[in-house]
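I opened this notebook to keep track of what I looked up, one entry at a time. The chain is shown below, and my entries follow.

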Amino acid sequence: MEKYLYLILNILTISFPLIRSFEPKINYSSKWPALFPAILFTGAFFLVWDHWFTVIGVWEFNPRYLVGVYFFQLPLEEWLFFLTVPFACVFIYEVLIYFFPKDYFLPFAKPFVYVMVPFLLGLALLHLDKWYTAVNFIVGALVLIIHFLIFNDRYLGRFIFAYLVTLIPFMLCNGILTGAFTEEPVVIYNNAENLGIRIWTIPVEDTIYSMTLLLMNLSIFESIRSRKQLSLI
């Protein structure tokens with residue numbers, strides 16, 4: 001059964017938000033016309049990145065925990081990751097908006113950008129010899145800048161709240177993928193290409209990777225949704 005581990009993780013990730021998508025309070029299914037294009041465009045970007053890093057040896061996937069189906073050198077489970085994780089994370093974002101109508105993190109939105117962008121760019125420049133660190137931090141900074149230039153702080157408070165909450169399931173899921181509960185990791189990182197700093201078993205760079213994945217999805221999601229709302233006025 002261990003070869004189904006990553007696949008089962010994907011199924012568990014999407015199962016609850018999918019089941020609750022038709023619940024009338026959140027009505028997540030009504031937001032799918034904006035959600036799925038966001039997942040598609042963001043997923044395409046990350047899959048190209050993922051494929052590149054796999055080819056150059058930044059990480060690899062342990063066949064022991066995979067069903068053995070590959071597309072462009074990436075396992076099926078990795079393709080599903082960029083569907084199931086954003087689907088679940090945007091669901092959390094929408095649930096938090098429903099249960100917490102006030103944007104409590106709005107005062108931290110601009111300071112977050114002002115601190116994180118130079119911090120990420122600075123670390124990237126200091127570690128240009130490490131592919132995962134440098135590229136990950138540069139992309140994270142650029143996505144933050146682009147989002148801020150387009151939306152200012154309109155959604156950033158909500159994003160920060162959602163990001164902090166999603167770090168909880170992120171630690172569990174990434175812990176599974178990086179070997180916290182198994183004899184070997186599902187995703188094997190080349191430590192020569194990262195800082196070598198782990199949170200539990202998770203490379204610290206993954207926290208920024210997760211941030212970028214969520215923010216890019218939310219940026220496109222909110223852009224499409226706002227345009228649809230304007231068209232109805």
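**Surface.** I looked up the accessible surface of the chain, which comes to about 11600 Å², with 72% of it belonging to carbon and sulfur atoms; such areas come from the Shrake-Rupley method with a 1.4 Å probe, and for residues only the protein chains shown count as cover. I noted that this is a predicted model, in which local features need pLDDT of at least 70 and side-chain atom pairs count only at pLDDT 80 or more, while totals for chains, interfaces and linings use all residues. Residues are numbered from 1 along each chain as its sequence is written, and side-chain values use heavy atoms, with hydrogens and water left out.

**Burial and overall form.** Of the 233 residues in the chain, 51% are buried, where buried means under 20% relative accessible area, exposed means over 50%, and partly exposed lies in between. For 233 residues a compact globule would have a radius of gyration near 17 Å, and the 18 Å of the chain agrees with that; the radius is taken over C-alpha atoms, and the globule rule is 2.2 Å times the number of residues to the power 0.38.

**Elements.** I found seven helices and six strands in the chain, which are DSSP runs numbered from the N terminus (helices H or I, at least four residues; strands E, at least two). Read from the N terminus, their order is α-α-β-β-β-α-α-α-α-β-β-β-α.

**Salt bridges.** I then looked up the salt bridges, of which the structure holds six; the term stands for a side-chain nitrogen of Lys or Arg within 4 Å of a carboxyl oxygen of Asp or Glu. One of them joins the side chains of glutamate 2 and arginine 64 at 2.9 Å, N to O. This pair links distant parts of the chain, 62 residues apart, since glutamate 2 lies in the segment before helix 1 (5-19) and arginine 64 in the loop between strand 1 (59-61) and strand 2 (70-71).

Which residue forms a salt bridge with glutamate 183? I found arginine 64 there, with the closest N and O atoms 3.0 Å apart, and glutamate 183 sits in the loop between helix 6 (156-177) and strand 4 (187-189). Arginine 64 also forms a salt bridge with glutamate 184, at 3.3 Å between the closest N and O atoms, so that salt bridges with shared partners join Glu2, Arg64, Glu183 and Glu184 into one network.

Glutamate 183 is exposed because its relative accessible area is 68%, whereas arginine 64, at 25%, is partly exposed.

Technical notes:
Buried means under 20% relative accessible area, exposed over 50%, partly exposed in between (1.4 Å probe, protein chains only).
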